[in-house]
Amino acid sequence: MTWKLDPMHTQVEFSAKHFGMMTVRGHFRDVATSGTVNPDKPEETSVDVTIDVASLTTNNPQRDNDLRSSYFLELDKYPTITFHSTKIEPAGKDKFTMTGDLTIKGITKPVTFQLARYGELNDARMGHRVAYSAEGEINRKDFGMEFDMLADNRLVVSHEIKVNIETELVDAPEQQPAASTAT
């Protein structure tokens, strides 16, 4: 079987604490994926992800522009964020760890995500699907995002950024070449 991540059912979200109190959430609308996926043997899976930084949204245009600016992601210099998985290991029933190289602002660091398999569906209209979630955390300073403005002796934006991903894999049978009708 050939499995592909369904772009219509893939969400990459992030969250940070604002003043150490409120959680601010955002997501990326434009995420491209490729790789070899095997739900039956996750250890044989390899995933590459490219995120378009311009597609970032927190539903607040001013904050979005700040996050795309030189204070944080530097969209003008670094238009994409990439992830390349290097290892997937079992961690319990329907649970795995996925380690890989995350590159933000030209800085590559290893990160580990906790994966959970949500379930499987085999429907005539929707196809054969398997759903997963991935959760992890990075320190933004590890990726050159040094902005540390304080207000009332509190960080405006936390160093810890949580990353949450949900996706559905769909079995995409390879197309067979059409048989020739020439005689």
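The model is predicted, so local features need pLDDT of at least 70 and side-chain atom pairs count only at pLDDT 80 or more, while totals for chains, interfaces and linings use all residues. Residues are numbered from 1 along each chain as its sequence is written, and side-chain values use heavy atoms, with hydrogens and water left out.

Helix 1 takes in residues 61-68; helices (H or I, at least four residues) and strands (E, at least two) are DSSP runs, numbered from the N terminus. Its buried residues are Asp 64, Leu 67 and Arg 68, where buried means under 20% relative accessible area (1.4 Å probe, protein chains only). Looking down the axis of helix 1, these fall within an arc of 95 degrees, so they line one face of the helix; the arc is taken from the directions from the helix axis to the C-beta atoms. They pack against strand 1 (3-18) and strand 5 (56-57), with contact meaning heavy atoms within 4.5 Å.

Over in strand 7 (residues 95-104), eight of the ten residues are buried, so the strand is largely enclosed by the rest of the structure. Strand 7 pairs with strand 6 (residues 80-90) in the antiparallel sense over eight bridges; pairing takes at least two DSSP bridges between two strands. Four residues separate strands 6 and 7 in their hairpin, and Gly 92 in that turn has a positive phi of about 125 degrees. Strand 7 also runs antiparallel to strand 8 (residues 107-123), joined by ten bridges. This hairpin has two residues between its strands, with Lys 105 in the turn at a positive phi of about 55 degrees.

Methods:
Buried means under 20% relative accessible area, exposed over 50%, partly exposed in between (1.4 Å probe, protein chains only).
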